[in-house]
Amino acid sequence: MWISLQGMASESDPLQATPAAQCALVLGAPGSGKTTLLMERLVGLQRAGHSPDGLLILTPTRAHASRVRDQLALALGVTTAGARARSLQAFAFAIVQEHHREHSLPEPELVKARVLDSDIQDLLEGHREDGRGPAWPEPLGEITRSSPRFRTELREWLSRASEHTLTRDRLVELAREHHRLEWAAASDFREELRTVLASARPGAYSTAEIIGRAQSIVREGLPPAFAELVHVAVDDAHDLTFAGLQFLDALRVAGVGVTVAGEPDVSGGTFRGSEPGGLLHLQSLWGVAPRVLPTVYRHGPEIRATVQAITERIGTAGAGTQRSAPGVGGVGRVESLLAPSYSREAGDIARIILDAHYVDGVPFDQIAVVARRGSRVSALSAALSATGVPARTAMVGMTLVEEPAARALVDMVALGRGLTPLTPATAVEALTGLYGGMTQQELRQLRFALRVAADPDQPFQPADAMIAQALAHRGGFSLLEGSFAHSADRIARVLDDLRSAPPDTPVTDLLWRVWDGSPAASLWMESARSATPHPSADRAVDAVVALFRQASDFVESQPGASPELFLDALLGAEIPDDVLVPEPAWPCVVVSTPPGVAGREFQLVIIAGLDDGVGPDLRPRESLLGAHQMVQAHQGTPEGVIDERRAVLDDELRLCALALSRATSRIVVTATVDEESGPSPLFSVIDRHATRLESSDEGATSTASVVGGLRRGLQRALERGEDPTPYAHDVALLAKLGVSGADPTSWWGLLPPSTVAPLYPEGLIPVSPSALDTLESSPLEWFLGTIARHDPSPQRGLGSLIHAALEDHPQGDADVLWESVEARFAELEYDAGWIEQYQRRLAQTMVGALAEYLRDHEREGWSVLASEQRFQLTLGRAQVTGYIDRVEKTPEGQVMVIDLKTGSSRTESQVVDDPQLLAYQLALTSDDLAEALGERLESAGASLLFVKEGVRGKSYRLTTQPPVDEQGMTDFLARIEQAATLMSSHEFSGGPLSFGPVGTPSRHRWHFVGEVCGDA
């Protein structure tokens, strides 16, 4: 049921008694009931006997029209021939479309901003390549004309010229009179662009052109399909362009009554050509004085005073009497907050929102966060989602490809259709992206499986190259087994479906093939259906829905068109489309720029980032082409009369007033203050009317923090022997309500052990010399590294290549050793080129150090007795097995064990008790070494050969462990026995590793549990 606001328009209102053909202007402060007045005007005309199909509300945007549509439909209470609320652009297009059908003209097409931007870019690039095109003045050189900023200004210049119907001769005249050669050049560009578009897309119009075309048609007479139109109400007329105002005048001339409502102080589209003084323009055309609404009903005097403090600083734009309207709503609050950083500001905003929701009972969908810039909107939305606040971004002024969920979907289709080449990098991205869903652990398993399955007789290929080859055709992973192979095979099938789809397949079908059954879709939709949807899932679904809607609009407007046209335009888009995103089924906080909240109201409005230089943003607009200066010159405004900086400031103040006036109960404004920035003067103006809040580093109170606090309290109560009942009761209540993380069945560590049997219940226990040190320092780390092995890092792989080169060429020089390393260097598969170059230089350095060591020892009389010598010793249940890099004979006839190391060096004092070297010395007593050496030689000890860094003028360092005596060997045998006992246990202890000075912030700790759970 539709109910008018108390004290607003009624049947006794003078406006309700006027004839349908009469025109009227309404001026009202924000929240004074302009929209309701317009709807009641149409309801009154319906009651007077007019058909509802002859009544219409027009708005500047589709988003506002969609909100008004349902309210008006309920108010009229009857079935109508289509929606009775439309955007002015849509209505103008419908008139042009009907006129073209009536006269058998080409079907009109509305060229969207991003498509026009692409056409402008193509034409500019063509001029640059062939050296032709307009004679642009010197400041607008090739570099300037290739920038997005120039295309944006050129597009706005073209719109202003079309809106004011400026001919080529008039533009040349203005350029000559005002010494603006760029206007003449832009006029020549416009003529060529029109010629190109007329040939490529007959019947194509930009938004400004379609409104101008509709105006011309209406002045000749309304098309028959609109013959019964008797009255049009126009809401938010302050956001109409000059062409839109002329179109309204054409309706009046055609005999249609027009009621126009606006408020110049909250115009949010001045940067795109809207006319805040539109009511004054219509007043001069129609000779009708505007009716001023006397009261603001949206909020009380506290908020109203704050809005007035901003609006009184704005130029009147031909109005101003509406500013004195008092606020008669409920009691409100205005608060301000200064934070020391952006992250603290985001945390404070999240805390304010959650407190308002859980303490004051404010629904999430009655809260808006407004930021001046789109980049800040995205950052705030992500930060709020991370704290558990359900936030959605109003996509006004944003392209869809800025949303990860939409971008990943488009990227996958582009990869399948060949717009993006299938390379090792894009193949891995497809598998591990949102719609591939593979974890890093699964990717490692896939790489290993492909390496094992590779034909050894074929040339070596990096694993990621093999992944790309397998993804290039259906069944590329069919010979592999395991869940990871099934995941990769699913993506291969999807890409093959996309490749094999006919050229005229609707792009919506291609998007659906990626979406349907993907891990992301399943996860997000499951979250959406749950009692507590996850904020990031909500945002992702919003973006995907918006993408499908935009793709559907493309299919409907260009049936049979290649999907590549849509994908290419979207991926290269720098201009946002006007995309309608359906309201989610769950309450969400709206995060937006000021234009994104126009026409709406919220209980709580938070205006973030009123920092100096940001809010207001006083950077000059249109500094390259001066579209607004061209319009002023055409209208005869003398140069120097308009204060450009003042005009920019007025626009910024209007945006602020727009955001402030959305609040019904509470306003919070925030800014940051640090060494580089501080609050803006705009913040100071509002701060005078506000109560200061304190920034807090405690973080936001969310469901996650409440559950975590209760769980910690429960654990501590149990540990201290206190009564845990209060904590258990609260946790149980939250679990019953479905709060995430409250159900104990979802807690880790509560399930009983799967087994308590020893790791090695019987038989020999394999002991690796290289693992002894880790086992002794942390049995837990040794256990996790044993059962969750993963592919070695490229740094470890480099060490393996150098070891292999030394094994193959035990007496080789630097060239021979490097040739061996370089032949297999591609196997390391570094993620980035600069890393690969660094590691290559490092490898050359280590090979040079190794060659220097070999030369020195050969010159000093050392000889090689064995290389990569295997040994095995059985000591009780312990079976010690390993490989020794080199066994050398000293000039004195002793035997020395050499172990090559490619990591950081250590000193003699650090290797005295090194278990790996002790194990190698013990190996000298084994039968394997005795057979390899052929004789028993006195031990000279064991040495670590470090080739990464040298000492005492050498590029290498040899750190020696002295020969072990009989007592030392006995002690070491006891350590091996202890190691075997640890390894055969069923429990493994070990705290997190620590580094950094004790008691300082640089001291860190970490566990290796990530290697069990997934990504490490």
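Is the crossing of α9 and α10 left-handed or right-handed? The crossing of these two helices is left-handed, where left-handed describes a near helix turned anticlockwise from the far one by less than a right angle, and right-handed one turned clockwise. This is a predicted model, in which local features need pLDDT of at least 70, side-chain atom pairs count only at pLDDT 80 or more, and totals for chains, interfaces and linings use all residues. Residues are numbered from 1 along each chain as its sequence is written, and side-chain values use heavy atoms, with hydrogens and water left out. Helices (H or I, at least four residues) and strands (E, at least two) are DSSP runs, numbered from the N terminus.

**Helix α10 and its neighbours**

- The axes of α9 and helix α10 (residues 242-253) come within 9 Å and cross at roughly 15 degrees; axes are lines fitted to C-alpha atoms, for helices over the stretch in contact, with angles from 0 to 180 degrees between N-to-C directions.
- α9 and α10 are therefore roughly parallel to each other (under 35 degrees counts as roughly parallel, over 145 as roughly antiparallel, 65 to 115 as roughly perpendicular and the rest as oblique).
- In α9, the residues I211, A214, Q215, V218 and R219 meet A243, G244, Q246, F247, D249, A250, L251 and V253 of α10, contact being heavy atoms within 4.5 Å.
- This contact of α9 with α10 divides into 8 nonpolar, 3 polar and 2 charged residues (Ala, Val, Leu, Ile, Met, Phe, Trp, Tyr, Cys and Pro count as nonpolar, Asp, Glu, Lys and Arg as charged, and the others, Gly among them, as polar).
- The axes of α3 and α10 come within 11 Å and cross at roughly 55 degrees, and the two helices are therefore oblique to each other.
- The crossing of α3 and α10 is left-handed.
- On the α3 side L88, F91, A92 and I95 take part, and on the α10 side G244, F247, L248 and L251.
- The contact of α3 with α10 has 7 nonpolar residues, 1 polar residue and no charged ones.

**Aromatic pairs**

- The whole structure holds 11 aromatic pairs (rings of Phe, Tyr and Trp, the last by its six-membered ring, with centres within 6.5 Å; planes under 30 degrees apart count as stacked, over 60 as edge-to-face and the rest as tilted).
- The ring centres of F91 and F226 are 5.6 Å apart and the planes stand at 85 degrees, so this pair is edge-to-face.
- F91 lies in helix α3 (residues 88-102) and F226 in the loop between α9 (207-220) and β6 (231-234), so the pair ties together parts 135 residues apart in sequence.
- F91 is buried at 1% relative accessible area, and F226 is buried at 15% (buried means under 20%, exposed over 50%, partly exposed in between, with a 1.4 Å probe and protein chains only).
- Y358 and F364 have ring centres 6.4 Å apart and planes at 85 degrees, so they are edge-to-face.
- Y358 is partly exposed at 46%, whereas F364 is buried at 8%.
- F91, F226 and F247 form one aromatic cluster.

**Residues in loops**

- G596 is in the loop between β12 (589-592) and β13 (602-608) and is buried, at 9% relative accessibility.
- G596 and G268 are 328 residues apart in sequence and 9.1 Å apart in space, C-alpha to C-alpha.
- T165, in the loop between α6 (148-163) and α7 (168-177), has a phi near 45 degrees, a positive value in a residue other than glycine.
- T165 is exposed at 61% relative accessibility.
- R952, in the loop between β20 (939-946) and β21 (957-961), has a positive phi near 55 degrees and is exposed at 74%.
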